[in-house]
Each structure stands twice: as structure tokens, then as C-alpha cells.
Amino acid sequence: MQIPANMTLRQLRYFAEAAELGQFSQAARKLHVSQSVITTAVAQLETSLGLKLFDRMPHGVGLTAEGHRFHQHVRHILDTLQDALSEPMFLANTLPGRVRIGASYTVLGYFLPSLLARFKRSYPQVEVDLVDMDRAAIEQGVGSGDLDFGLCIISNMAEPYVLRRQVLIRSRRQLWLSESHPLLQLPVISPADVEPYPYIMLMVDEGQESAMRYWRSVGREPNVVFRTSSLEALRGMVAYGFGVSILSDMVYRPWSLEGRRIDVRTLTDAVPPMEVGLVWRPDEDLSAPARALHQFLVFACGG
């Protein structure tokens with residue numbers, strides 16, 4: 001298929017923001033344009049491609065299966081362009097060396113791979129030693145000097161903070177539920193509305209501890225019927241209507257492996273976002289390769 005002559009980079013940016021925020025109105029506010037501009041750009045894309053990219057819902061929009069695939073390609077295009085524009089800031093293609101980093105389950109699976117691929121295009125001579133570790137092991141490895149730095153869910157860290165921290169992204173947490181769930185009939189959903197329904201608890205990356213902090217803060221108790229360390233198992237259980245869960249947008253996908261739809265809704269009592277970030281020793285200068293990766297991650301995430 002040839003690229004339509006009237007397709008613009010601006011349309012792709014508007015589409016990507018709408019896809020990632022789940023609402024045309026939020027995308028418009030972030031990009032400082034009117035909502036009608038976003039709506040028109042998406043409609044023009046759908047017409048050019050001959051595809052339906054979004055399902056329109058009462059509380060926002062969700063990507064169709066075709067829209068989800070298209071968004072993955074668009075995100076790659078926009079990221080590659082950003083790297084091309086920013087490359088003069090870095091010592092691209094010339095810096096040799098090795099970086100030792102630890103990363104936790106969620107960071108490895110849903111955040112880091114595409115960023116590392118982009119980094120390697122700019123720094124092909126830097127070798128990245130990547131270790132799968134939980135947050136406690138990452139903090140220990142960084143503190144001992146075995147790791148240059150770590151990437152983990154830093155919103156799970158407790159004060160006092162021994163290591164330096166820097167947030168890379170804040171990912172909104174929302175309620176996940178099947179497309180036929182009774183809660184979708186409500187104009188707004190509160191924790192009290194969710195409490196009686198079966199709840200599926202994700203156990204990785206301190207998921208249970210994080211979830212229970214929220215539930216305690218609103219004076220409620222989730223009706224946990226199933227605990228799992230598999231995000232795909234949780235996705236399937238939610239999609240088939242066996243329970244609901246509260247998880248971050250970073251790990252959200254609109255479809256289970258079986259092809260069933262998963263909807264999301266924001267709760268009236270705001271759930272604290274998941275913060276993914278860097279941790280490193282405050283008393284030690286990073287090596288040149290580690291500093292390059294550190295700076296790249298901060299820049300790529302808009303820090």
C-alpha cells in the first residue's frame with residue numbers, strides 16, 4: 001500500500017496521543033489544540049487507510065485491533081524521528097564501553113526493550129549487561145556497585161531514600177474490566193462500586209502491596225478471588241469476565257491473547273500513578289557509557 005499523499009506527520013502525532021491517552025479531549029489539551037482538530041485528523045487517517053482505528057465509547061476511545069497495530073508502527077516512526085533530531089546531542093557511534101543495569105519484570109516487559117533498541121542505534125559500541133531482578137535486589141546491586149544503575153517502579157520505594165531516583169514516566173492506573181461487565185452501565189465508577197465484584201490481583205513487581213495501599217487509603221477491601229504472576233493470565237481472566245483489576249496504562253492492551261476486548265475506566269477516587277524510573281548511587285560518578293544511557297533514557301522519556 002502506498003502512503004496516502006495527504007497523510008501528515010501532524011496527523012500521526014494527534015493519533016498517537018489519542019491512542020495513548022484514551023480520550024480525544026485529553027489529547028487536545030496536551031497538544032494545545034481543539035478537540036475537533038484531533039477528531040478531524042483521526043477521521044482523515046481512517047478514511048485514507050480504509051480502516052477503523054478507534055472504537056468510540058461513552059467515556060473515551062479504545063483502539064481497534066487494526067488501530068493497535070497501526071499505533072505500534074506510528075510510535076516507532078515518531079520515536080525514530082525524535083532520535084534523528086536529538087542525535088547531535090550525543091556522542092553517537094563513537095563511544096565504546098559496557099553498562100551494567102538491573103531492571104524489574106514490568107520494566108523489562110513493557111518499557112525498556114524499544115528504548116534499548118533506540119539507544120543501540122545511536123551507540124552501537126556500548127554493550128548493555130541487563131539483569132532481570134526485583135526492586136530489592138536492584139537497590140542492593142546498585143548500592144554495592146555491582147550495577148551502574150537500576151530501572152524499577154520507584155513509586156514502590158519507601159523513605160528514607162538511600163539511592164538517587166529520577167522518574168522517567170508516570171503511568172495512570174485504571175480499572176480493567178470485560179466489555180460486558182455490569183459496572184460499565186454506571187456513569188461513574190467508585191471503589192465502593194468495585195468492592196463487591198471479584199478482583200484479580202497481580203503479584204509481580206510488588207503489585208499486591210501497591211494495590212492494597214490504594215484500597216486502604218479509600219477505606220475499602222477488594223474481593224480478591226485469584227492471584228497470579230502472569231499478566232497475560234490476568235488479561236485473559238478479565239476479558240472473559242472472571243474479575244476486574246486495577247493496573248497501569250503502561251501494561252494495558254485492549255485485547256487478550258484470545259482476542260477478547262478489555263475495557264478501562266477511571267475511578268472517582270484517583271489511583272496514584274505507577275512511576276518508573278532510575279536509581280543510582282549518589283556518591284559515585286557514572287562511567288561515560290552509563291552516563292550516556294542515563295542521559296538517553298531521560299531525554300527519550302521527556303525528562
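Residues 7-64 have end C-alpha atoms 20 Å apart, and the span is 62% helix and 14% strand (helices, H or I of at least four residues, and strands, E of at least two, are DSSP runs numbered from the N terminus). UniProt, in an unreviewed entry, lists these residues as "domain: HTH lysR-type"; its positions follow the numbering used here, feature names are shortened, and annotations may be inferred rather than shown by experiment. The model is predicted: local features need pLDDT of at least 70 and side-chain atom pairs pLDDT 80 or more, while totals for chains, interfaces and linings use all residues. Residues are numbered from 1 along each chain as its sequence is written, and side-chain values use heavy atoms, leaving out hydrogens and water.

An open sheet of five strands runs in the order S4-S3-S5-S12-S6 with mixed pairing (two strands pair if DSSP finds at least two bridges between them). Strand S4 (126-132) and strand S6 (164-171) are at the edges with a single partner strand each, so one side of each has no neighbour in the sheet. S5 and S12 pair in the antiparallel sense over four bridges; Ile 153 has Val 276 in S12 as its bridge partner.

The largest nonpolar core has 30 residues (buried Ala, Val, Leu, Ile, Met, Phe, Trp, Tyr and Cys joined through side-chain atoms within 4.5 Å; buried means under 20% relative accessible area, exposed over 50%, partly exposed in between, with a 1.4 Å probe and protein chains only). Among those with the most contacts inside this core are Phe 149 and Leu 151. Strand S5 (149-153) and helix H11 (288-300) are among the elements giving two or more residues to this core, and H11 gives the largest share, six residues. A second, separate core of 23 residues includes Phe 15 and Val 74.
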